[in-house]
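Open the model in your viewer and keep the selection tool at hand. The tour goes from one selection to the next and says what to find at each stop.

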Amino acid sequence: FSNISNGVFKPDGNGPFPAIVLVHSCGGISPPQLRERAKELLDAGYVVLMLDSFGPRNQTNCRNGVIKSPLVWRDTLDALAHLHTLPVVDKQNIFQVGYSLGSISAAALSSPSMVEHFGGQYRFKASVGWYGSCGYQAQASAPNHYFVRTDTDRPLLLLMAEADRETPIDRFCFPLLENMKAAGKPVDWHVYGNGVTHAWDVRSGYSLTTSWGEQVVNRFDAQATADATRRTLAFLKQQQQTAR
């Protein structure tokens, strides 16, 4: 890949191919692991649209709060609409795969009410989120806000880490996901243990202080990265074979 900002990349051949809107993390499109994930999806036979919500707005990340989640969700729906205009894309099989901030988008846009709220014309066939959560609390005294909505009606796979302190899952995802699954909602998840942290595919790792003052260290985990890729590709293949 050279200039990947909002670029569309396709496998060899004429298609039509299934397609993916790849939604970046808070770090934007520059981190090298994003290219690795995109190449895996491309090699698996998907057209990949590399969404960039930051660059066109002269931002590099979300840390200063200029670009907030709802704007990314709107951009994601615009990217989905763009893919519907391309002859190379199989319009019945367009998916969303997101990382951290992008995982939040995957969760939110699996809800019909959220898509309607943002004026979306189309829906994703299914979505996958890596190292996100089901909700958040900005500060200890603030109310909880949920990204995973109880009206979710499109298949959603969340790959999360028990030791994730940047987007903690414990009180936000459980028992919410279990209750939704029991009610017949199309939600699936896998939680990595053994000390796997947020951003497990970032080779350099990094540390930060959260908005609620907790010092967090995130580490690369090759085994979790390979397993998450395997689970993502298997889920997407299964959804292509599932008539809707």
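Select β2 and β4: these two strands pair in the parallel sense over six bridges. Two strands pair if DSSP finds at least two bridges between them. Helices (H or I, at least four residues) and strands (E, at least two) are DSSP runs, numbered from the N terminus. The model is predicted, so local features need pLDDT of at least 70 and side-chain atom pairs count only at pLDDT 80 or more, while totals for chains, interfaces and linings use all residues. Residues are numbered from 1 along each chain as its sequence is written, and side-chain values use heavy atoms, with hydrogens and water left out.

**The sheet**

Click on Ala19, whose bridge partner in β4 is Ile94. Ala19 also stands opposite Val47 in β3. Strand β2 (residues 17-23) and strand β3 (residues 47-50) run parallel and are joined by four bridges.

Now move to the other neighbour of β4. β4 and β5 pair in the parallel sense over five bridges, and Val97 stands opposite Val128 in β5.

Next, show the whole sheet. It is open, has seven strands in the order β1-β3-β2-β4-β5-β8-β9, and its pairing is mixed. Which strands stand at the edges? They are β1 and β9 (187-192), each with a single partner strand, so one side of each has no neighbour in the sheet. Helix α2 (residues 69-83) packs on the sheet and touches β1, β2, β3 and β4 (89-99). The direction of α2 makes about 160 degrees with that of β2; axes are lines fitted to C-alpha atoms, for helices over the stretch in contact, and angles run from 0 to 180 degrees between N-to-C directions.

**Buried parts**

Colour β4 by accessibility. Eight of the eleven residues of β4 are buried, so the strand is largely enclosed by the rest of the structure. Buried means under 20% relative accessible area, exposed over 50%, and partly exposed in between (1.4 Å probe, protein chains only).

Select helix α3 (residues 101-108) next. How many of the residues of α3 are buried? The count is eight of eight, and among them are Leu101, Ile104 and Ala108. The cover over the buried residues of α3 includes β2, α2, β4, α4, β5 and β8.

**Helix α7**

Select helix α7 (residues 222-240). The expected span of a helix is 1.5 Å times one less than its number of residues. The 19 residues of α7 should therefore span 27 Å, and the end C-alpha atoms are 27 Å apart, which agrees.

Look at the N-terminal end of α7, which Asp221 caps: a side-chain oxygen of Asp221 lies 3.1 Å from the backbone nitrogen of Gln223. Then pick out the buried residues of α7, including Ala224, Ala228, Phe235 and Leu236. An α-helix has 3.6 residues a turn, so residues three or four places apart point the same way. The buried residues of α7 pack against β2, α1 (32-43), β4, β5 (126-130), β8 (156-161) and β9.

**Salt bridges**

A salt bridge is a side-chain nitrogen of Lys or Arg within 4 Å of a carboxyl oxygen of Asp or Glu. By this rule the count is eleven.

Select Arg123 and Asp153, which form one of them, with the closest N and O atoms 2.8 Å apart. Arg123 lies in the loop between α4 (112-117) and β5, and Asp153 in the loop between β7 (145-146) and β8, so the pair ties together parts that are 30 residues apart in sequence. Arg123 is partly exposed at 22% relative accessible area, and Asp153 is partly exposed at 29%.

Go on to Glu36 and Arg37, whose side chains meet in a salt bridge (3.5 Å, N to O). Is each one buried or partly exposed? Glu36 is partly exposed at 26%, whereas Arg37 is buried at 3%.

Lys181 and Asp188 make another salt bridge (2.7 Å, N to O). To see a network, select Glu36, Arg37, Glu40, Asp201 and Arg203, which are joined by salt bridges that share partners.

**Last stop**

Select Asn6, in the segment before β1 (8-9). The C-alpha atoms of Asn6 and Leu49 are 6.3 Å apart in space, although the two residues are 43 apart in sequence. Beyond its neighbours within four places in sequence, Asn6 is in contact (heavy atoms within 4.5 Å) with Met50, Leu51, Asp52 and Pro56. Asn6 is partly exposed, with a relative accessible area of 34%.

Notes. A polar contact is a pair of N or O atoms within 3.5 Å; within protein, one must be able to donate a hydrogen and the other to accept it, and residues adjacent in sequence count only if both atoms are side-chain atoms.
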